[in-house]
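This briefing looks at selected salt bridges, a helix and a sheet, grouped by topic.

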Amino acid sequence: MSSLSQLNMIQVKSLGKQVSTVAGDLTILSDIDFTVKSGESVSIVGASGSGKSTLLSLLAGLDIASTGEVYLDGEALHAMDEEARARLRAEKVGFVFQSFMLVQSLTALENVMLPAELAGDSNAKQQAITLLEKVGLSHRLTHYPSQLSGGEQQRVAIARAFVGNPKILFADEPSANLDSKNGHLIEKLLFDLNKENGTTLVLVTHDEQLAHQCDRIIHIEGGQLETIKQGVSKNVV
């Protein structure tokens with residue numbers, strides 16, 4: 001692998017997604033090309049229905065592209081079966097979703113521990129405790145999701161995303177379900193932990209202010225890549 005390839009945590013080549021409908025084939029994404037460097041933060045923006053969440057799912061291997069190639073940390077995601085994609089996600093990827101996606105029957109601590117335990121990490125509990133302390137929830141370790149506010153649940157989700165020190169973090173509208181105060185807190189935590197861990201961050205958002213905090217902004221319109229521009233990147237030294 002070349003030194004250039006090693007600098008690129010994500011490479012996307014001629015990526016396309018089509019689905020069959022009663023009315024015929026529908027193109028969701030077409031001919032998407034871009035790279036994301038290791039440690040870079042990138043936002044994906046676009047109108048509702050533009051294809052940005054579909055693009056995130058393809059980058060994370062949660063969905064399969066119709067055409068094109070996706071490489072994560074030099075590995076050919078598009079050439080893998082579901083088992084191999086799941087292994088790659090477990091080893092290198094963290095997620096933060098709009099709807100929190102916590103396991104209701106597990107405590108905050110158990111939710112954060114879960115990915116590390118599934119990966120066989122003997123230090124899962126201490127990692128989880130440390131991360132929950134960092135997101136200000138050391139007093140909520142034994143609380144269940146139903147006993148936590150929306151902002152607290154998303155903080156648990158962020159702690160869970162960073163357990164195991166993933167190389168890549170995907171976030172889909174991470175603050176959309178929260179009020180302004182909690183939303184800004186979640187965004188700050190996301191960027192602070194991302195910077196501290198040197199993680200590559202890719203987030204989908206409709207919030208222009210949040211998008212401009214990233215190093216670069218990728219604008220998707222009608223399933224096509226319209227522009228790539230620099231963000232304000234206040235979080236990068």
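**Salt bridges**

E82 and R89 form a salt bridge (a side-chain nitrogen of Lys or Arg within 4 Å of a carboxyl oxygen of Asp or Glu), with their closest N and O atoms 2.9 Å apart. This is a predicted model, in which local features need pLDDT of at least 70 and side-chain atom pairs count only at pLDDT 80 or more, while totals for chains, interfaces and linings use all residues. Residues are numbered from 1 along each chain as its sequence is written, and side-chain values use heavy atoms, with hydrogens and water left out.

- R89 counts as buried at 14% relative accessibility, whereas E82 is partly exposed at 40% (buried is under 20% relative accessible area, exposed over 50%, partly exposed in between, with a 1.4 Å probe and protein chains only).
- R87 forms a salt bridge with E91, the closest N and O atoms being 3.1 Å apart, and these residues are 4 residues apart in helix α3 (residues 82-92), about one helical turn.
- The structure holds 12 salt bridges.

**Helix α7**

- Helix α7 spans residues 180-197 (helices are DSSP runs of H or I of at least four residues, strands runs of E of at least two, numbered from the N terminus).
- Among the buried residues of α7 are I186, L189 and F191.

**Sheet**

- An open sheet of 4 strands has the order β2-β1-β4-β5 with antiparallel pairing (two strands pair if DSSP finds at least two bridges between them).
- β2 (24-37) and β5 (75-76) each have a single partner strand, so one side of each lacks a neighbour in the sheet.

Note on methods. The expected span of a helix is 1.5 Å times one less than its number of residues.
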